[in-house]
Structures are given as C-alpha cells and as structure tokens.
Amino acid sequence: MALCLMMFFISCNHKNKDDILFNYKGKYPDESVENMVITMSEFGKTSFIVEAPLMNKYYSDSSYSDCPKGIRISSFTESGQKQAIITADYAIEKLNKSYKASKNVVIIDVIKGDTLYTDEITWDQQKRTIFSNSLVKQAKADGSVHYGDGFTADERFTHYTIVHPRGVMAGFDF
C-alpha cells in the first residue's frame, strides 16, 4: 500500500513538458502559437508582415492576445518596398481595439535610414496611425540625435512627427 501511495505522489508531481512550454508567468493561455508569421495585404500587395516567437490568446471577460517574447513588424510601401521595421520586447492586443508594443521599442525607417527608440507605441487601427506619448530618441541617418516627448506617424511609418523635438539640429547658413 505504501509503495502505491509513493508512486501516486511521484507521478502527480511530474510536470508535463507542455505545461512548462505554454505557462507564461503563471498564466495559461487558451491558445498559443509558436513562430507566428502573419502577412497582411491590401489589393493583393503586402502591406505588413508580423512575426513573433510566441503569441498567446486569452479568452475571458477582457479577452486579449499578447506576444510575451517580443514582436517584429515590417511595413511596406504601396510599391512593395520595405518602409519600416518595428521591434519590441512585448506586445498586447485587447478586444481587437487596442494594440500596444512596449519595452525596448525600436522603429527603423529603412528608406530614410532614421531610427526611433521609445518605451511604448500604440496603433490606432481606426485612424491608421501609430503614436507614442513616451520619450523618444531619434538617431538620424546623418548622425545627428534628437529627442522628443513622443511622436505621431501613419501606420506604415512613411511620415512621422516628433512632439517637442530638441537636440542639435542641422540649420542653414544665413
């Protein structure tokens, strides 16, 4: 009898490999996808490619999806040229309304050669814009560095504006 009880406790303490794989910080998602790649297109042309090593979906009163191991989003111009690359250590989407990327957000404007660094960005799907109210560091292709209190941009990052820019800026000889 003692031997049967001992085997029962040993077998109950054994963790399943899948539990370790899909358990993230004590939460168990309803769905998980590893090495996710989503290609979004408009009129037959690729507009975005979204990649994440892990995406989890949680169904509840406040359903959401997150990418706890980071995300990479590539945007493309209407002619198919790569426009920008956005990377972040974490991303979350709530109820198909609110999309945020946070922790070490880096946006590279591939065409201009500029790079933005910030802590958090939000995508407003309705307005087709991305923005940040966090501090921003902009490293320009010419080597100059600017700072700001946030930015606004179109969703493909073809045009953007730094809020309250400051730093050494190139000027004109008068």
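This is a predicted model: local features need pLDDT of at least 70, side-chain atom pairs count only at pLDDT 80 or more; totals for chains, interfaces and linings use all residues.
The largest pocket has a volume of about 650 Å³. Its lining comprises 27 residues, and those closest to the pocket centre are V50, I71, I73, Y99 and W123. By residue class, the lining of this pocket divides into 17 nonpolar, 5 polar and 5 charged residues. Several strands contribute: β1 (31-42), β2 (45-58), β3 (64-67), β4 (71-76), β6 (90-94), β7 and β8 each supply at least two lining residues. Strand β2 provides the largest share of the lining, with 4 residues.

Two of the residues closest to the pocket centre, Y99 and W123, also take part in an aromatic contact. A pair of aromatic rings is described by the distance of the centres and the angle of the planes. The model contains 4 aromatic pairs. W123 is partly exposed, with a relative accessibility of 21%, as the limit for a buried residue is under 20%.

The pair of F157 and Y160 has a centre distance of 4.6 Å and an angle of 10° between the planes, and is therefore stacked, since planes under 30 degrees apart fall into that class. F157 and Y160 are both buried. Together with F151, these two residues make up one aromatic cluster.

Charged side chains also lie over aromatic rings. The charged end of K103 is placed over the ring of Y90, at 5.4 Å from the ring centre. Likewise, the charged end of K137 sits over the ring of Y117, with a distance of 5.7 Å to the ring centre.

Side chains of opposite charge can pair when their charged atoms come close. The structure holds 7 salt bridges. One of them joins R72 and E51, with an N to O distance of 3.6 Å. This pair links distant parts of the chain, as R72 is located in strand β4 and E51 in strand β2, 21 residues apart. Both partners are partly exposed: R72 has a relative accessible area of 33%, and E51 has a relative accessibility of 30%.

A further salt bridge connects D114 with K140, the closest N and O atoms being 3.5 Å apart. D114 lies in strand β8 and K140 in the loop between β10 (136-139) and β11 (145-148), and the pair thus links parts of the chain 26 residues apart. D114 is buried at a relative accessible area of 5%, whereas K140 is partly exposed at 29% relative accessibility.

The side chains of R128 and E155 form another salt bridge, with an N to O distance of 2.6 Å. Since R128 is found in the loop between β8 and β9 (129-132) and E155 in the loop between β12 (151-154) and β13 (160-162), the pair ties together parts that are 27 residues apart in sequence. R128 is partly exposed, with a relative accessible area of 39%, while E155 is buried, with a relative accessible area of 9%. R128 and E155 also belong to a network of salt bridges that includes E42 and R156.

Definitions and conventions: Residues are numbered from 1 along each chain as its sequence is written. Side-chain values use heavy atoms; hydrogens and water are left out. Rings of Phe, Tyr and Trp (its six-membered ring) pair if their centres lie within 6.5 Å; planes under 30 degrees apart count as stacked, over 60 as edge-to-face and the rest as tilted. Buried means under 20% relative accessible area, exposed over 50%, partly exposed in between (1.4 Å probe, protein chains only). A charge sits over a ring if NZ of Lys or CZ of Arg is within 6 Å of the ring centre and within 35 degrees of the ring normal. On a 1 Å grid over the protein atoms alone, a cavity is a set of points where a 1.4 Å probe fits but cannot get out, and a pocket is an open set with protein on both sides within 12 Å along at least five of seven lines; lining residues have an atom within 4 Å of a point. Grid points are joined across faces, edges and corners, and a volume is the space filled by probe spheres set on the points. Ala, Val, Leu, Ile, Met, Phe, Trp, Tyr, Cys and Pro count as nonpolar, Asp, Glu, Lys and Arg as charged, and the others, Gly among them, as polar. A salt bridge is a side-chain nitrogen of Lys or Arg within 4 Å of a carboxyl oxygen of Asp or Glu.
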